[in-house]
Amino acid sequence: MADGVSRDARLPLDCAHPVFYCSAGDTNRPGRSIMNFFLETIQVLLLSIWYNVESFIHLFVPRKRKNIAGEVVLITGAGSGIGRLMAQEFASHGTVVVLWDINQEGMKETAKLAKQSGATKVHYYLCDCSDRNEVYRVADQVKREVGDVSILVNNAGIVTGKKFMDAPDSLIEKTVEVNSMAHFWTYKAFLPAMIANNHGHLVSIASSAGLIGVNGLADYCASKFAAVGFAESIALELLANGKDGIKTTIVCPYFINTGMFDGCQTKWPSLLPILKPDYVAKKIIHAVLTDQVYLMMPKSIYLIASLKNILPMKQGILLGQYLGAFNVMDRFTGRNRKQE
Ligand SMILES: NC(=O)c1ccc[n+]([C@@H]2O[C@H](COP(=O)([O-])OP(=O)(O)OC[C@H]3O[C@@H](n4cnc5c(N)ncnc54)[C@H](O)[C@@H]3O)[C@@H](O)[C@H]2O)c1
């Protein structure tokens, strides 16, 4: 792993290479099928070696950063936290920044900061991303007033912070609507122009809780697992359709010190530190500039997420207890309760 880039962090660009499938009718041509099997296997082996060598080289040689000046970047949930910081970072690259949030005052402040950071233009819109019709209506307004969005950052998020049986149904529904379903509607609204131009970038701010289940975060984890699965599947759908100009970045951070998870504690801060918002925003923009598909923070999440899938269940639970995963939510207060 280099700079948060795991071996499989980038999708191979060429999905259009010939693939040899054998239909039921081909059984009378075993020679051709064996030949195809060998050719394809050799091709896969050689490409696999090359992709690993390429990854290794990039441990030492930084990847080329793309120029995003002039791109139209839309960030949902831009009224605070990492949404605001990402807006400032994107602005510093000379982009046109479009902000969405339900917090008008927060957005005004973000707009001011983004302008100071160098945005060509800043536009902000009140939009409740959990409401499909509102997403479509405000998206149409953005297309009319600003133009086509070429970098879409689905960042808006909420957390219930209650044990599943204590969480009101309405809050569970809202969590799924904001953290995952909103992604469907924004993609539906902005993807057509990206597909037409074969150009764009889709950024999904998910969570490490979208890779590993957490005691006390059932609805949040479900919504973030959905966000990861959705972004990953659309990335593959685009690639399979030859739309390799549309990139995807899936972001899975551990706790960030923005206030959203106030009260939560980490057992081993050197292994699983609470992340600084500024650091997270910078890493996300770097991942976008270098077309990195998966960004997990801190780096130990790469290891923990992969161990989860290969360790015996009992050992996984032992490791979870050791890492404090069973108690991270014990002291959760969240931003709202703190403000009350
Ligand atoms: N803070 C963490 O520890 C942490 C960890 C991993 C992932 N994340 C994810 O990062 C993203 C940003 O979180 P943050 O820490 O900056 O929190 P935050 O609360 O500061 O930011 C979330 C923003 O989303 C907005 N929002 C909420 N509901 C909305 C809706 N229906 N429509 C539009 N906007 C809405 C809020 O007003 C707020 O401005 C979230 O998706 C969160 O789940 C956060």
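**Figure 1. Helix α4 packs against helix α5 in this predicted model.** Here we look at α4, residues 132-145, and α5, residues 169-197. Their axes come within 9 Å of each other and cross at roughly 30°. Since angles under 35 degrees count as roughly parallel, that makes α4 roughly parallel to α5. As for the hand of the crossing, α4 passes α5 in a right-handed way.

**Figure 2. A closer look at the residues where α4 meets α5.** On the α4 side, the contact is made by Arg132, Val135, Tyr136 and Ala139. Coming from α5 to meet them are Ala182, Trp185, Thr186, Ala189 and Phe190. What kinds of residues make up this contact of α4 with α5? Seven are nonpolar, one is polar and one is charged.

**Figure 3. Stepping back to the protein chain, with its ten helices and seven strands.** Along its principal axes, the C-alpha trace spans about 75 × 55 × 40 Å.

**Figure 4. Burial and contacts in the protein chain.** How much of the chain is buried? Buried residues account for 37% of the 340. Now take the contacts between residues at least 6 apart in sequence: 73% of these join residues at least 24 apart.

Technical notes:
Residues numbered from 1 in each chain as written. Predicted model: local features only at pLDDT ≥ 70, side-chain atom pairs only at ≥ 80, totals over all residues. Axes fitted to C-alpha atoms, helices over the stretch in contact; angles between N-to-C directions. Helix = DSSP H or I, 4+ residues; strand = E, 2+ residues; numbered from the N terminus. Parallel < 35°, antiparallel > 145°, perpendicular 65-115°, else oblique. Left-handed = near helix turned anticlockwise from the far one by under 90°. Contact = placed C-beta atoms within 7 Å. Nonpolar A, V, L, I, M, F, W, Y, C, P; charged D, E, K, R; others polar. Buried ≥ 20, exposed ≤ 12 C-beta atoms within 10 Å, placed from the backbone.
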